[in-house]
Amino acid sequence: MLELRDINVSYGRRAVIHDLSITVPDGKVVTLVGSNGAGKTTVLKTISGLVRPTSGTIMFDGKPIERMEPHDIISTGVVQIPEGRLLFKDMSVAEHIELGGIRAHSGGRTEAERLAWVYELFPILRERREQKAGTLSGGQQQMLAIARGIMANPRCLMLDEPSLGLAPIMVDQLADAIRALNENGITILLVEQRVDLALRLADRGYVLETGRIVIEDAADSLLENPRVKEAYLGA
Ligand code: ATP
């Protein structure tokens, strides 16, 4: 279980996250919903150790991780797939996937098993394994970013806007992949601008507005929540 308690984050003197508490139970999909600039990416970066909270605690599996280095956080099994994918355009698909295994959490699947699983989840990556990442389509790049993350053997995978820029058919494939990861025991924390999609994939959701959690509920209840409908579902 991943648990954030009373987290505050500032950039310089500007406070952007205020007393934020969220819980991501093992085996669940939790989504963080909010408009641009609400602080969603900041929350993920804080969990990953890329941004330091000014106060509060982050526990993973009962251990505090909020002062750990990013690579040590990955080794505990908490892995972020960044928004915008952050691929190296001249490196091949296979090289990216190999790179993802460098800081792996130990236990569970072996590296060879993860490699086989990644290519089973995303057969197109096997076909394109010698191709440079920069020549892949947007959807294939997103799959590669996820594949690289899986090679780190995550127990909790954080996805930041995975559907951004994808064609509708690719969004469906992405949703299937997220479901498959979760069915295989990976806990998911999802940030997604497509709130309808996020809430259909998730068990629970939190609504973040200007750095504060304003609503927390079961995902199917949030889909029916008038405030959520009006602000995020275009109803
Ligand atoms: P988006 O979906 O647009 O990425 P978000 O909800 O993820 O939005 P954040 O990127 O976390 O929001 O940004 C939260 C606030 O912090 C915004 O007002 C943003 O301008 C500010 N911010 C983000 N990164 C930095 C930074 N490195 N330095 C200063 N301010 C920042």
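User: Let's start in the sheet: which residue in β8 is the bridge partner of Met158?

Analyst: That's Leu189. Keep in mind that we're looking at a predicted model.

User: What makes β7 and β8 a pair?

Analyst: Two strands count as paired once there are at least two bridges between them. β7 (residues 156-160) and β8 (residues 187-191) have 5 bridges, so they qualify. The sense of their pairing is parallel.

User: Why are β6 and β10 said to stand at the edges?

Analyst: Look at the strand order: the open sheet runs β6-β7-β8-β3-β9-β10, with mixed pairing. β6 (78-81) and β10 (212-218) each have a single partner strand, so one side of each is left without a neighbour in the sheet. On average, neighbouring strands here are turned by 15° against each other, direction ignored.

User: Which strands does helix α1 lie across?

Analyst: α1 (residues 40-48) lies across β3, β6, β7, β8 and β9, running at about 150° to β7. Helix α7 (residues 168-183) also packs on the sheet, where it touches β3, β7 and β8. The direction of α7 makes about 150° with that of β8.

User: Now Gly27. Why is Gly27 called partly exposed?

Analyst: Buried means under 20% relative accessible area and exposed means over 50%. Gly27 has 34%, which falls in between, so it counts as partly exposed. You'll find Gly27 in the loop between β2 (14-24) and β3.

User: What is Gly27 in contact with, leaving aside its neighbours within four places in sequence?

Analyst: Asn182 and Thr187. Contact here requires heavy atoms within 4.5 Å, so each of these residues meets that cut-off with Gly27.

User: What about the largest pocket: how many of its lining residues are nonpolar, polar and charged?

Analyst: The lining has 13 nonpolar, 6 polar and 5 charged residues. The pocket's volume is about 580 Å³, and among the 24 lining residues, Ile74, Val79, Gln80, Pro82 and Arg148 are the closest to its centre.

User: Which element supplies the largest share of that lining?

Analyst: β6 does, with 4 residues. α1, α2 (70-76), β6, α3 (93-100) and α6 (138-151) each supply at least two.

Conventions:
Residues are numbered from 1 along each chain as its sequence is written. This is a predicted model: local features need pLDDT of at least 70, side-chain atom pairs count only at pLDDT 80 or more; totals for chains, interfaces and linings use all residues. Side-chain values use heavy atoms; hydrogens and water are left out. Axes are lines fitted to C-alpha atoms, for helices over the stretch in contact, and angles run from 0 to 180 degrees between N-to-C directions. On a 1 Å grid over the protein atoms alone, a cavity is a set of points where a 1.4 Å probe fits but cannot get out, and a pocket is an open set with protein on both sides within 12 Å along at least five of seven lines; lining residues have an atom within 4 Å of a point. Grid points are joined across faces, edges and corners, and a volume is the space filled by probe spheres set on the points. Ala, Val, Leu, Ile, Met, Phe, Trp, Tyr, Cys and Pro count as nonpolar, Asp, Glu, Lys and Arg as charged, and the others, Gly among them, as polar. Buried means under 20% relative accessible area, exposed over 50%, partly exposed in between (1.4 Å probe, protein chains only).
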